[in-house]
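Take a moment with the sequence and the model below. The text then walks through a ligand site and a strand.

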Amino acid sequence: MRRARAGLIIVAVCSVFLLAARAVVAAPLRTSATAKGLFVGAAVNMTPFRNEAIYSDTLRRELNLLVAENAFKFDALHPAQTTFNFTDADALVAFAQANGMAIRGHTLVWSNQIPSWLTSGSFTRDQVIAILRDHIMTVVGRYRGKILAWDVVNEAIDGNTGQLRTDTFWFQKIGPEYVAMAFQFAHEADPGAILYYNDFEAEGSGTKSDGVFNLVSGLVNQGAPIGGVGWQMHKVNPFRITAANHTNAQRLAALGLEISITEMDVRIPLPSDAQKLQDQALAYSDAVTFCLDEPNCAALVSWGFTDKFSWVPGTFNGFGDALMFDMSYQPKPAYTAMQTVLEAGLGNAPPVPTGLQATAGSGQVQLTWNASAGATSYNVKRTTTSGGPYTTVGSSTTAAFTNTGLTNGTTLFFVVSAVNASGESANSTQVSATPQAAGFSLSATPASLTINRGACGTSTIGITRTGGFTAGVAFTVGGLPSGVTASFNPGTTTGATTLVTACASATAAVGAATLTVSGTGGGLTQTTPVGLTVTSTADTGGVTVTPTLAANGPWFNEQQVRVTSTANLTALSITIVIQRTAGVSFSGQYNTVGGQIAQSNTSTAGAVTYQFTLAAGQTLGPASDRVFAAQTSGSGTAHPTSGDTYTVTYTTGGQSFVQPGHF
Ligand code: XIL
């Protein structure tokens, strides 16, 4: 009875959930419980539900059924005769539905938590019946088709007599017929819901259990639409299931009724200790074993799930720690014991895949993950809502999958699970990706530069690539003021950045301008502005460059660049270009710094170029008249030097400067 019904509900609630219902070892409780056709649930306290993410995260991860601890009670839903408030109830139903969880409704008719407008109103019997009918039709009707089971009548039997309690509002206003009426109204409002009678201390044998049995068998015999009996199961540690529980379940089954453990907790006399927690674990694992063994047991619901939020400490002085997670949401021995029973016999599914990564392309997302030992395939699941529920979008026999046909601009969340003949693992950690049209955009950091005449400034151009765009991007710049030059390093890149260096000559136009940096690649051109302000101070960073003609005989010529610095230089590069006038060629080069300077030269028909470069990572301290010399030999005429040029490029204080000039 239970297995067929649980499966149907799951299909109706969320078809994806069936996939998660396969065998797993050490998975969340809902996975193995669903595999075995059992609902595992908990009562929800709306305050942490709304305010602590870990509270709702744990619910959705572990459970396949929810019930409201208070939000569905008469006073909460129906605060004035003509006022209903469904805010909390709606939120809970929406959450359960979004996460593939069934819902129990608790409770329609109870002597507690009913509003004073009702209890202190002077209503006739007929009026109270009308109010009861209106309440049930409105509440049950609102959630028709969404509630698995309703606790229609709660705690109506007197434990001493086994008869209906006579001290309740409903009994006193309506008489004993209120019970059958309530079931009738609820059935009218939602014929698909399973209608329960719910009570405490009626789980085994004795006057109260017999009283409940007599009440419900009477209802069955008169054809009332009752479908189940709820056993609250508020217990004191240590507690064990006994033969009396089985006998009771079976006599209810013989009436055609299912049962559910609806409010289990096992309160520990404080302080608790390791032994008490082990004892408590036995109570919980007993309850799971019991429900799996008794075919008419549909659900095992605890009254809360974390000791952080439980009615026990506030209700039973000196007791606490009654639930399966501790105050920090860590599983207690009770949890592990339940898990062990639920997973027994399910076989070993592969481990959960790790290392899932998503790369967005245009209209597609490529996924890769680490292979799981023993997996024969993987299910790839997707959602547009972080955390699920997920829809399976494909299956792969390798640890990679490309999901295509996607809408650019919509963020998607993916998980994968591993499958083998024994079952399916739980889902991996979620990753997200947003497919984008293939392309790129540019940005400048800093977005504006201020440079002095004679100096240079650098900005990093970032290239943000989307949709799998990998083409090289070539850079140009527009809008240069007169006397300003700019260059890119590199000029074309398949990477994520390039550097733009703008240099102002000693006579550059002073003022503000906007450079337009353009990148072109893959048939697209994008631009980004770079603000540029050229200031008039010819700041050299404390470096003086003096061109010096050291020798200019007809046979030998030496031209020096002398560098005087009052600051540390962290980069220095000197290029000297000597024209090859008739008969002139390279003869030598030297510097007065030493091994920190790499020097080299090249010759063409028209010129000899001498290069001096400070090695990377070296710093030159302040000094006067460092000499960088370029020598040529000639063939009888003095070499005319005024067309020979030099460029001194250096960095000091993090700023680059260029001092060009000629001899
Ligand atoms: C309790 C809630 O846990 C408390 O928050 C509230 O103050 C009182 O009711 N039997 C039931 C539940 O059927 O509705 C009760 O819930 C606990 C006992």
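**The ligand and a covered strand**

A polar side-chain atom of N154 lies 3.0 Å from an oxygen atom of the ligand. That is a polar contact (a pair of N or O atoms within 3.5 Å). The model is predicted: local features need pLDDT of at least 70, side-chain atom pairs count only at pLDDT 80 or more, and totals for chains, interfaces and linings use all residues. Residues are numbered from 1 along each chain as its sequence is written, and side-chain values use heavy atoms, with hydrogens and water left out.

H106 also reaches the ligand: an N or O atom of its side chain is 2.6 Å from a ligand oxygen. For Q232, a polar side-chain atom lies 3.3 Å from a nitrogen atom of the ligand. On its own, the ligand has 410 Å² of accessible area, and the protein covers 78% of it (Shrake-Rupley method, 1.4 Å probe). The ligand is surrounded by 13 residues, each with a heavy atom within 4 Å. The closest are E69, K73, H106, E263 and W303.

Now turn to strand β16, residues 412-420. Strands are DSSP runs of E, at least two residues, numbered from the N terminus. In β16, 9 of 9 residues are buried (under 20% relative accessible area, 1.4 Å probe, protein chains only). Both faces are covered, with F414 among the residues on one side and V415 among those on the other.

What joins β16 to β13? The link is 7 bridges, and the two strands run antiparallel. T383 stands opposite F413. A hairpin through 2 residues leads from β16 to β17, where G423 is the bridge partner of N420.

Notes
Polar contact = N/O pair within 3.5 Å; in protein donor to acceptor, adjacent residues only side chain to side chain. Buried < 20%, exposed > 50% of the residue type's maximum accessible area, 1.4 Å probe, protein only. Helix = DSSP H or I, 4+ residues; strand = E, 2+ residues; numbered from the N terminus. Pairing = 2+ DSSP bridges.
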